[in-house]
Amino acid sequence: MPVISLFAWMLVIAFLAFIACMFEDLESDIGSQSNPNSQIQLAPEMGYIHRYFNKAISGEGLSYALSCTISGTIAMLILLQFESVGPKAAILAIPVGAAVGSLVHMVRSSTCHVGREAAHKRFEQPIYLDVFYGHLLPIATHNFMAVICITAIAYIQCNLGILSGVTGASNPFPLPLLCLIWGLTVGAIGSSTGDIHYGTERAFQDKPFGEGRRVVYHGQICRYGDCGVRTSKDVASFCAKFGGPATGLAFGLIVLFENWRTVIGMLLGGLSIEGLANPAVAATWGIGIGVVIAIVLVILARTLEKWARNKYGPFVGE
Amino acid sequence: MGEEEAKQAKQEEKEEKAKPKEEFRLSFDYFNESRLGIFALTICVLIAIFPGLPAFIKGIGIMIVFAWGADSVRKTARYGLGTGVPSIGVLAMGFGIIGGITGIAVASMSFGTLVVGGVEIAFGVLAGVALLALLGFVSGNLANGDKFINMKIPGLERGMTELGIAGTLAVLIEISIVVGTYDPAKVLPNVINNGLIAAIFIISAFGMLQPYNTCLGADERRARTLLMSIEIGGIASIILGIATTLTLSAVQGVPLIVLGAVVWVVFYRAYMKACMDEAYAVKGTGLIKTLGG
C-alpha cells in the first residue's frame, strides 16, 4: 500500500513539473530571455528598432535557480518557524516563498530592459514605457506559477517519507538545495526545448520551412504582428498554443521516467515488504530500466529524424 | 573627413555634458578598477577576519565585494564574451564555495583563530583567500597560456585571480553574517545542512554576473553597471537579514534588513534614473522607426 501512495506522489510531481516548465517557457518568451535574446539584442545594432522586451537577467537556468532558491529559502525558514504545526505549515510556506521569489525575479527583469536599451543609445533604440510597465506583471505572474510548482516539487521530495509512509523515501538534500537543482533543470529544459518555438517560429517567421538562417540576416527579426507592432506579450499567446505545452511535456516526461524507474526499482528490490529491502537489487533494476528507456527514446528520435529528412529533403539554399 | 570631425566634436560635447552629471556618483570615477580592487580587498579582509562584528557592517562588506566582483567580471568579459558572462559569475562563486569551506576549516584549527581580549580574530580564513587567489591565477594562466587553451583574453589572469578572492570573501562574509562565527559546529547545521548555502551561492553569483550581463551593449558605462551590483547587495542583505533574524537573533538581523531596504531603494532609483537619462529617448508609447519600406 505505501508503494502505491509513493507512485501517486510521483505522478503529482510529474504533473507539477509539466505545469512548471510550461509556464517557465512562456515566461521566458514574454521577456525574450535566453537564446532568442541574442537576436533581440542584435536587431537595433542592425537598424531594426523594435518594441520587444529585452530581459537579459542571465541564461534561463540561472535566473530560475535564483527565484526558485529564494522561494525555497523563504519557505524553509517559514517551515522552521511552524515546525510544531507539522506538514500543514506548507500551505502557508510554499505560496509565500514563491511570491517573494517571483517578486525578486520581477525586480531583476525590470533592471534588464532599461539597462540593455540604455546601452543601445547610439543605435537610436528608445525605451518605450508602455512596453516596460506592461510586461512586468505578466512576467511576475507566469514566474509565480513556475516557482510555486518547483517549490512544491522540492517540498514533496523532501518530505516524501512522511507523506507516502515509506521510510527512507525522503530526499536527503535540504529544500533550498533541491530548489536550486530543480530551478536550474527547469530553466535548462525551457531553454533547450522551448526557445526553438519562439526563435525560429516567431522571431524569424518569414523564412521558408527547413531553411537555415544566414549570418547576413541576423538581427532581422519580425517586428510586426498580425495587426500593428509586435511586443513580447504577443509571443506568449502564440507559444502557449504549442511551444509551451511541448516544453512542459518534455520536462514532465523526464521527471516521470526518472521517478518511475526509481519506484519500480524500489518495488523489485523488496521495498514494500518490511525488512526485506535490498538496495543493490533496487539500484540495479532502476539503472537497467533507465538504460532501456534511453535506448527506446534514441531509436524513436532517430526514426523521426529519418522520416523528416526523407520527407523534406536537405537544405537547398536561397 | 568633415563628418568624422563633426562626430568627434559631438562626442567631445557629449563627454563635456556627461561630466557634471557624474559628480554625484563621484565614487566610481575615483575608484577606478585598481583603486576599487585595493579598497575592497582591504575592507573585506578586515570584515572577514572579525566574525564578531555587527551584521549590518558585514552587510556593507558584501555590497563592496559584489561591486568588486562585478567589476572583475566586467574586466574579464569585456572582450566579447557575450553569453559567457553568467558563466564567469558562477565560476567566481564556485571558487568562492571552495575557498570559503577551506578558510573555515583552517580557521577552526588551533592556530587559525586568535582571541585577543575577548575579540575573535580568524586569521585562518585568509588561507582560503590565498589558496583561491593562487587557483584563480593558475586557471587564468591555463586558459590564456600559449601551451594550453590559448584564449588570449587581455587581463584574464588578473580577472580570474580577483574573482577567486572576491568569491571567497563573499562566501565568508555571508556565512559570518548568518552564523556570527566560523565554528564548524555551528556553520554546518545553520548554513550547509539546512541548504542556506544554495541561497548564498546564487545571490552572490547574481551580484557579480548580473550587472555586466544586463548592461551589456555598445554604450555600457562602468559607473552605471556597478550601481546595480550594490542594488543586488541590498536584496542579498534583506534575504540574509530574514535568515539571520529567524536563526541567529533579531538584534543582528533587523538592522541588516533595514540597511538592505534603504540601500535597495536608493540604488535601484539611482540605477533606473541613470538608465532613463542616458537612453536615446524615453517615450510613453509610440510606433517604431521603419527602415527600407
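Hello everyone, and a word on ground rules before we go on. What you see is a predicted model, in which local features need pLDDT of at least 70 and side-chain atom pairs count only at pLDDT 80 or more, while totals for chains, interfaces and linings use all residues. Residues are numbered from 1 along each chain as its sequence is written, and chains are lettered from A, with ligands numbered from 1, in the order in which they are written.

Let's walk through chain A. From the N terminus, its elements go α-α-α-α-β-α-α-α-α-α-α. The C-alpha trace spans about 70 × 55 × 25 Å along its principal axes. Of its 318 residues, 49% are buried; buried means that 20 or more other C-beta atoms lie within 10 Å of the residue's own, exposed means 12 or fewer, partly exposed is in between, and the C-beta atoms are placed from the backbone. Among contacts in chain A with a separation of 6 or more, 77% join residues 24 or more positions apart. A contact, by the way, is a pair of residues whose C-beta atoms, placed from the backbone, lie within 7 Å.

Chain B next. It holds 11 helices and three strands, in the order α-α-α-α-α-β-β-α-α-α-α-α-α-β. Of its 293 residues, 50% count as buried. The share of its contacts at separation 6 or more that come from residues 24 or more positions apart is 72%.

How do the chains meet? The contact takes 46 residues from chain A and 43 residues from chain B. On the chain A side, α3 (60-81), α4 (90-118), β1 (127-128), α5 and α7 (175-203) each supply at least two residues, and α3(A) gives the most, with 10. By class, that side has 26 nonpolar, 11 polar and nine charged residues. For the classes, Ala, Val, Leu, Ile, Met, Phe, Trp, Tyr, Cys and Pro are nonpolar, Asp, Glu, Lys and Arg are charged, and the others, Gly among them, are polar.

β1(A) and strand β3 (residues 282-283) of chain B run parallel, joined by two bridges; DSSP has to find at least two bridges for strands to pair. In β3(B), B:K283 is the bridge partner of A:Y128.

Now to the inside. The largest nonpolar core has 169 residues, and A:I150 and B:V65 touch the most other members. Such a core is a set of buried Ala, Val, Leu, Ile, Met, Phe, Trp, Tyr and Cys residues joined through C-beta atoms within 7 Å. α5(A) gives the most to this core, with 15 residues. Beyond neighbours within four places in sequence, A:I150 contacts A:A20, A:C68, A:C179, A:W182, A:G183 and A:V186.

One of those partners deserves a stop. A:C68 lies in helix α3 of chain A, and it counts as buried because it has 39 C-beta neighbours inside 10 Å. Leaving out residues up to four places away, its contacts include A:G101, A:V147, A:T151 and A:L180.

Helix α5 has another partner. The axes of α5 (residues 129-158) and α8 (residues 232-239) of chain A come within 10 Å and cross at roughly 35°; axes are lines fitted to C-alpha atoms over the stretch in contact, with angles from 0 to 180 degrees between N-to-C directions. A:G134, A:H135 and A:P138 of α5(A) meet A:S232, A:K233 and A:A236 of α8(A).

Most residues other than glycine have a negative phi. A:S32 has a positive phi of about 40°, and sits in the loop between α1 (2-30) and α2 (35-45) of chain A. A:E124 has a positive phi of about 60°, in the loop between α4 and β1 of chain A. Buried or exposed, which is A:E124? Exposed, because 12 other C-beta atoms lie within 10 Å, whereas A:S32 is buried, with 28 C-beta neighbours inside 10 Å.

Finally, confidence. The predictor gives the complex an ipTM of 0.88 and a pTM of 0.89. Chain B has a mean pLDDT of 85, with 87% of its residues at 70 or more; pLDDT is the predictor's confidence in each residue, from 0 to 100. Over residues 16-25 of chain B the pLDDT is below 50. Where pLDDT is low, the predicted coordinates should not be read in detail.

Key: Helices (H or I, at least four residues) and strands (E, at least two) are DSSP runs, numbered from the N terminus. Two residues are in contact if their C-beta atoms, placed from the backbone, lie within 7 Å.
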